[in-house]
Every structure is written in C-alpha cells, then in structure tokens.
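Reader: Could you walk me through the terms behind this model? I would like to see each label set against its definition.

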Amino acid sequence: MQIPVTIQAGLWGWLAASSLLIGAAIGFLVKLPQKVVASIMAYGGGVLIAALCFGQIPEAERLGGLWPTLGGLLAGGIVFVLANQYIDHLEQHHRSKAANGGNGMVALLIAVGAFLDGIPESLGLGLGLLDGGDVSLLMLVAIFLANLPEGLASAAGLREEKRSGWLVFGLWGVIAFLSGLAAMAGPGLFAGLSPTWLAFALGFSAGAVLCMLVDTLLPEAFESTHAWTGLITLAGFMTAFALGHIV
C-alpha cells in the first residue's frame, strides 16, 4: 500500500529532527569540549549551504523561474530575521528577570528559538516530495547535522542550570515532534499550488535557513573555532557537494 505523501514527509521530518534528541542526550549525559560542539555546528552549516545551493534553490528556479524564487528568498529571510529578533528580545527580558529571582521562561524560549530555526528546514524537506519528487538526501543529512549541535549545546546549558532530565528530553521531544509536523505541512498545505507558488515556497524556506545560518549557527561556531570556522564549514560544503555527485 502506498504511504500518503504527507505521512512520508512527516516520517522524513522526524528522522531529520531525531538528531535533536540525540544531541540533547549527549549534551545532558556527556560533557563535550565546546570546540567539538562548535566544529559540528560549522560542519553542519557547510552541508546545509551546499544542500540549498545545489538542491533546493535550483529546484525552485526550475519550477517557477528566477523572480518567484528571489521573492521567496527575500520574504523568508525577512520573516525569519523579524521573528528571531522578537524571540531574542523576549529571551533577554526573561534572563534579566531570572537574574532578579524571576521565572524559568528562558529554557522555553531557547526551545522556541530552536523550533523557529527548524521550521523552514523541515518545510523545505517536505516540499521536495511534491509532484512525485523524492526526499533530498542532501537536505536530510544537512538538517540532521545542523540539529545535532543545537540540541547538544542547549541540553548542556540546561544541565548547568540544574534542570531535570524530564524537562530536557520532554522539551526536545516536543520540538522534534513539531518539526515532523512542519515537514508534513509542505505537501499538506502546498499540494495543488501552481509551480510559481511552489517556487516561492521553496525560496521562502531557503531564505529563512540561510539567514538562520548567518545569524545563529555560524556565529555561535565562530566563538569557539575562530579562524578554523571557515575551513570546517568548507569541509561540510565539500562533503555535501561530493555526496550530490554520488547519489
């Protein structure tokens, strides 16, 4: 029996998001050097850039042409930056309250920020299954690698704050589940759209992911890996480029 495309997208999305839980487990149970975590972040960023450049963005242009793709890229970037700024503002506000004996909203806002990062990635993964397409192996590997250090770093931070394992794994379990739902939204919401709008949707996802890389992932990696960040990111890019020629 043929599995519905929406369910397929969800399964692939949950597989990609499973690295959030794997990373959270490692971060909570094992104390890894920060440079190791940062190196994984930079490497995953390079893989993700290649997946967008050689997979998602060319596919968007093939479907709808240059202008819908550019429009989607710009719209996705603007929406991500504005949403990320708002989450950062809330996080800083609650950190200042926590310093004065306030509540523990910071952990929740960290999780919300991680989900915000994952929405466009999962959406792009699901959109690849439309019109009889196959899931992009490049995108799948890239999302998996990019998620791993995010869950790892956050869980390590929550452990330092003496948070319980139930909170850490419950939080990241919910985010992984919601990421699968975001992947399902690709074929679920955009099936039947014209190629122009599909190109816009793919471009939107790619633009948001690119801004996430520049605003969040790579700067965090640079704090620990410094001059090596470029070479590590390049290694990830080269891996994905080679993988694209093998599969």
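Author: Gladly! Helices (H or I, at least four residues) and strands (E, at least two) are DSSP runs, numbered from the N terminus. Thr69 sits in one of them, helix H3, which covers residues 66-99. This is a predicted model, where local features need pLDDT of at least 70, side-chain atom pairs count only at pLDDT 80 or more, and totals for chains, interfaces and linings use all residues. Residues are numbered from 1 along each chain as its sequence is written, and side-chain values use heavy atoms, with hydrogens and water left out.

Reader: Why is Thr69 called buried?

Author: Buried means under 20% relative accessible area, exposed over 50%, and partly exposed in between (1.4 Å probe, protein chains only). Thr69 has 4%, so the residue counts as buried.

Reader: What does Thr69 touch, not counting residues up to four places away in sequence?

Author: Taking contact as heavy atoms within 4.5 Å, Thr69 touches Ile57, Ala60, Glu61, Ala199 and Gly203.

Reader: And what makes H8 span close to the expected length?

Author: The expected span is 1.5 Å times one less than the number of residues. Helix H8 (residues 229-246) has 18 residues and reaches 26 Å from first C-alpha to last, close to the 26 Å expected.

Reader: How do you know that the buried residues of H8 line one face?

Author: Thr229, Ile232, Thr233, Gly236 and Ala240 are buried in H8. Seen down the helix axis, they fall within an arc of 100 degrees (taken from the directions from the axis to the C-beta atoms), so they line one face. They pack against helices H2 (34-64), H5 (137-160) and H7 (195-225).
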